[in-house]
Amino acid sequence: MVLVGVLAGAAIWVLLLRPVIPLDFRVFYSAGLAVRQHLDPYPTPNTSAVWSGSAFVYPYAAAWPFSVLAAAGVHTAALLWAVISIAAVTAGVWLLTGPRWGVLLAVLVASPTVDGLQMGTVNALLFLGLAVAWHWRDRAGIVGLAVALLIAVKLFLWPLGLWLLLSRRWRAAGWAAGIGGGVLAAGFLAGPLGPSGYLRLLRELGGHEAAQGAGLQGLLVTWGASAPAAQLIGVLAALALMYAVTRRSTPSSPAVYAAAVAAALFASPVVWHHYYLLLAAPLLLLARPTVAAGCYLLIGWASVSPHPAAGVSLLAVTIAADAALALAVVGLLLWHRRRIRRAGVRLRGPASAIAVLIVLALAAVGPRAFAVGLSQAALPVAATVAICVVAAAPSWGKRSVPMP
């Protein structure tokens, strides 16, 4: 599997990564360089620099590892970061499913993964952190450290702390609170922004970027909701997801873990398509790894096309994935038509409610905004909900999941 990861990583680098400027990595590199030189890495508040897409808006401690990479030239550092990121995805898949090279290839070449690697995001490391947290979920110190670092880098991953509590991992929750709080406090003490100043920066960023994102809050803002209302609905939806799944699952079930990752995406004001690499972690646990990886590959490509490589657009692949996904959905409906007929009475109410909501949204926001929301966020949001529905199924309490 290591050899497959090396060969696949080399091919991805040559064909898809090398021709694209890793904009997110440049942001982290600049922040690391600023910290190395004892300068302020943050943009000026209340200016367009905050939402320019080239500003460092992460907790101050997140820049510390990049201050080490900043000792090298930017191109060398970008290559090193690509190697680290591909290795992190490889290690994460290994921890979740064991040495399955087909699953690894599907995850590596899925559109959200490729998009994140092209941009040089931290998502590959976050995916590895999620894999570590699940694989060593019964080792309080390890899972607590993993969850602490995940939240310290991306605050929207706070539902993982609820996962530890709801799964009754009290010592791990204590470790996560202590370490995470310590890392964030150290960053606030060492950096130019305190907690209140940093939260204001995040609110400012979310208010301007939410409508461009591919998450629930972005969909709501696109369809006319205010940013504060969308944030409130997102947090409530996150809590509702965790409640619905937890009440139908045993505390140690992977369902609660899946709900926490899905809830984090609902709770985040800004969600880009490459964030959905994180959702691959619980997906690989909720179904057979090959099926799960195939679903992630197909839905990912159907949701978004990565950046053009060497001037060649990959939009045709996304269109083909959309068609394949539509055929797959129709095929599943036909395959299960008898079960659907038997469940028709129970499904009639929810289906009618969804239809009414769609009509109301279309009437309220107009066809253009409605279409933008559908194309931008509807599919990944629907996929997130579908994973939670699978996780919350009553049969999960009785089903044993094969572990690596």
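Student: Between which helices does the loop with Arg 168 lie?
Tutor: This is a predicted model, and Arg 168 is placed in a loop.

Student: Is Arg 168 buried or exposed, and what is its phi?
Tutor: Exposed requires a relative accessible area over 50%. Arg 168 has 56%, so Arg 168 is exposed. Its phi is positive although the residue is not glycine, with a value near 65°.

Student: Where does His 38 lie, and what is its phi?
Tutor: His 38 is in the loop between α2 and α3 (64–69). Its relative accessibility is 73%, so His 38 counts as exposed. The residue is not glycine, yet phi is positive, near 60°.

Student: How many salt bridges does the structure hold, and which side chains meet in a salt bridge?
Tutor: The structure holds 1 salt bridge. The N to O distance is 3.5 Å, and the cut-off is 4 Å. The side chains that meet are those of Arg 169 and Asp 138.

Student: Which parts of the chain does that pair link, and how many residues apart are Arg 169 and Asp 138?
Tutor: Arg 169 is in the loop between α9 and α10, while Asp 138 is in the loop between α7 (123–135) and α8 (140–153). The pair thus links distant parts of the chain, and the separation is 31 residues.

Student: Is Arg 169 buried or exposed, and is Asp 138 buried or exposed?
Tutor: Buried means under 20% relative accessible area and exposed means over 50%. Arg 169 has 11% relative accessibility, so Arg 169 counts as buried. Asp 138 has a relative accessible area of 64%, so Asp 138 is exposed.

Student: Which side chain of opposite charge is nearest to Glu 209, and how far away is it?
Tutor: Glu 209 is in helix α11. Glu 209 is buried but has no salt bridge, and a salt bridge would need a nitrogen within 4 Å of a carboxyl oxygen. The nearest side chain of opposite charge is Lys 154, at 9.0 Å.

Student: Which residues is Glu 209 in contact with, leaving aside its neighbours within four places in sequence?
Tutor: Contact is counted for heavy atoms within 4.5 Å. With the neighbours within four places in sequence left aside, the residues in contact with Glu 209 are Trp 51, Gly 53, Val 270 and Trp 272.

Student: What is the volume of the second largest pocket, and which residues lie nearest its centre?
Tutor: The volume of the second largest pocket is about 1000 Å³. Its lining has 41 residues. Those nearest the centre are Val 57, Leu 202, Leu 205, Val 270 and Tyr 275.

Student: Which element gives the largest share of the lining of the second largest pocket?
Tutor: The elements that give two or more residues to this lining are α2 (23–36), α6 (111–119), α11 (195–209) and α13 (227–246). By class, the lining of the second largest pocket has 25 nonpolar, 11 polar and 5 charged residues. The largest share, 7 residues, comes from α11.

Student: How many cavities of 30 Å³ or more does a search of the whole structure find, and which residues line the largest cavity?
Tutor: The search finds 1 cavity of 30 Å³ or more. The largest cavity has a volume of about 30 Å³. Its lining is made of Pro 112, Thr 113, Gly 116, Leu 117, Thr 121, Asn 123, Ala 124, His 274 and Leu 277.

Student: Which helix gives the largest share of the lining of the largest cavity?
Tutor: The lining of the largest cavity divides into 4 nonpolar, 5 polar and no charged residues. At least two residues come from each of α6 and α7. The largest share, 4 residues, comes from α6.

Student: Is Ala 78 buried or exposed, and which residues is it in contact with, leaving aside its neighbours within four places in sequence?
Tutor: Ala 78 is found in helix α4 (residues 74–97). Its relative accessible area is 15%, so Ala 78 is buried. With the neighbours within four places in sequence left aside, the residues in contact with Ala 78 are Pro 22 and Phe 25.

How values were computed. Residues numbered from 1 in each chain as written. Predicted model: local features only at pLDDT ≥ 70, side-chain atom pairs only at ≥ 80, totals over all residues. Heavy atoms only, no water. Buried < 20%, exposed > 50% of the residue type's maximum accessible area, 1.4 Å probe, protein only. 1 Å grid on protein atoms, 1.4 Å probe; cavity = no way out; pocket = protein on both sides within 12 Å on 5 of 7 lines; lining within 4 Å. Points joined across faces, edges and corners; volume = space filled by probe spheres on them. Nonpolar A, V, L, I, M, F, W, Y, C, P; charged D, E, K, R; others polar. Lys, Arg positive; Asp, Glu negative; His and termini not counted.
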